[in-house]
Amino acid sequence: MKLKRLICAVTAVALLLSALVCYKVFANDVNWRYDSETKTLYISGSGPMDDYENSYSAPWNPYILTLENLVVEEGVTSVGNYALAGAEKLSSVSLADTVTTVGEYAFASCPALKELRLSEYVTNIKDYSFAYSGVSLKDDFVLSAPLGSYALHYIIANNRKGGNIIDFKSDDVKCGEYGVHITVGGMFAYYPYTPKVSGTYCFYSTGGHDTRGYIYNSSYTRIAYNDDYGSGVNFRINSVSLTAGETYYFGAKIMNSSLTGTFNVYIEPVQFTVSGHIYAMLNPEGDASDIVITEALIDDEATGGEFTRTVTERNANVIITVGNNTYEYTFSPDNGNDIVLNVCDINNDGKINGRDWAYMKTSDSKYKPLFANFI
């Protein structure tokens with residue numbers, strides 16, 4: 001009986017060891033372990049990962065065709081050359097913010113990897129890091145990069161060359177101020193902007209560095225440029241025409257390519273025209289109904305439910321009046337055209353509840369049918 005228990009205990013330990021393999025293989029106190037149950041490769045410790053000569057050199061190569069997840073933990077500063085090349089089932093990658101370098105062919109030939117997030121701390125991306133089938137990029141692969149980051153610089157610099165285009169996503173850019181941090185000499189801080197209305201826009205910088213500003217269209221063709229505006233060191237592109245729905249790439253850099261540092265950039269409208277309808281709201285998510293509020297007033301002017309305004313300032317605040325309720329609205333190139341108002345808030349307290357319904361059900365309001373969608 002005791003022998004049987006001993007055999008069971010030994011078997012359990014053996015199974016545990018087979019499920020979790022752990023080796024220290026790097027010179028900089030960096031370790032790896034592979035969990036065969038979750039099919040996850042963990043890289044931990046501190047310092048850079050080793051670089052490898054080819055896709056067969058990494059010590060976890062026996063698991064390269066089965067691993068599905070990669071977690072590079074805090075403290076590790078790089079993903080080495082060829083580190084995950086050929087990981088056919090790799091679909092999830094988590095890189096700590098301490099990772100600053102992605103080596104060449106690091107994620108080459110990883111067909112299941114559809115998206116990869118790179119942090120603002122990445123300052124070095126080597127050639128063919130995300131190649132597939134030789135040196136070509138996958139059609140269904142997306143890089144996620146922060147605004148103004150080196151990673152976004154790498155992506156757009158690649159795309160401007162033509163050939164293999166890297167699909168990417170980043171946060172939405174709106175008119176306003178952005179703090180630029182040039183972490184690598186010669187890099188551009190890029191801000192992809194898609195205006196919701198057509199108009200003319202201004203792009204400029206402030207700060208102590210001698211800067212240059214560029215604007216590229218959706219085909220990465222340069223449409224505007226400025227070095228120094230007047231006698232100062234900051235650039236200013238005073239007026240460039242942009243079309244609603246088209247993406248433009250606003251780029252800024254320090255003129256001396258050997259310098260790094262910080263400064264601010266601004267994207268502002270010069271003049272734009274907004275036009276559209278004023279709709280009643282349909283549901284709590286803000287989807288518009290097909291009911292046009294024909295009696296709406298904008299700054300006491302009748303609209304008939306339609307409006308057209310030419311705006312020559314960054315934001316134009318207006319007051320919209322519907323019955324006894326007033327709404328403050330800002331005409332902005334980032335708001336688009338149509339306005340959606342919450343006309344079911346009868347007492348204008350910011351809530352849709354029974355008090356509003358008690359009032360509405362005693363009237364012949366055309367907005368009655370909308371109320372049921374709020375409760």
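Keep in mind that the model is predicted.

**Around Ser 78**

Ser 78 sits in strand S5, which covers residues 78-79. Its side chain reaches the backbone nitrogen of Met 49 at 2.9 Å. Setting aside residues up to four places away in sequence, Ser 78 touches Gly 47, Pro 48, Met 49, Val 99 and Thr 101. Thr 101 turns up again in the strand pairing, as the bridge partner of Ser 78 in S7.

S5 and strand S7 (residues 101-102) run parallel and are joined by two bridges. Together with S9 they make an open sheet of three strands, ordered S5-S7-S9, with parallel pairing. S5 and S9 (124-125) are the edge strands, and each of them pairs on one side only.

**The antiparallel sheet**

Another open sheet has four strands in the order S24-S23-S26-S27, and here the pairing is antiparallel. Strand S24 (301-302) and strand S27 (325-331) each have a single partner strand, so one side of each is left without a neighbour in the sheet. Between S26 (residues 316-322) and S27 there are seven bridges, in the antiparallel sense.

**The core and Ile 320**

Which residues have the most contacts inside the largest nonpolar core? They are Trp 60, Leu 84, Phe 107 and Ile 320, in a core of 103 residues. Strand S21 (residues 261-281) gives the most to this core, with seven residues.

Leaving out its neighbours within four places in sequence, Ile 320 is in contact with Asn 325, Thr 326, Tyr 327 and Tyr 329, among others. The list also includes Ile 278, Ala 296, Leu 297 and Ile 298, as well as Ile 339 and Leu 341.

**Helix H2**

Is helix H2 mostly covered or mostly open? H2 (residues 150-160) is mostly covered, with nine of its eleven residues buried. Those buried residues run from Tyr 150 through Ala 151, Leu 152, His 153, Tyr 154 and Ile 155 to Ile 156, and then Asn 158 and Asn 159 complete the set. After H2 comes Gly 162, with a positive phi near 85°.

**Cysteines**

The count of disulfides comes to zero.

| Residue | Relative accessible area | State |
|---|---|---|
| Cys 175 | 13% | buried |
| Cys 202 | 5% | buried |

**The chain as a whole**

Zooming out, the protein chain has four helices and 28 strands. Of its 375 residues, 43% are buried. Taking contacts with a separation of 6 or more, 57% come from residues 24 or more positions apart. The chain exposes about 18,500 Å², and carbon and sulfur atoms supply 48% of that area.

Methods. Residues numbered from 1 in each chain as written. Predicted model: local features only at pLDDT ≥ 70, side-chain atom pairs only at ≥ 80, totals over all residues. Heavy atoms only, no water. Pairing = 2+ DSSP bridges. Core = buried A, V, L, I, M, F, W, Y, C linked by side-chain atoms within 4.5 Å. Buried < 20%, exposed > 50% of the residue type's maximum accessible area, 1.4 Å probe, protein only. Contact = heavy atoms within 4.5 Å. Polar contact = N/O pair within 3.5 Å; in protein donor to acceptor, adjacent residues only side chain to side chain. Disulfide = S-S within 2.5 Å. Areas by Shrake-Rupley, 256 points an atom, 1.4 Å probe, with all protein chains shown as cover.
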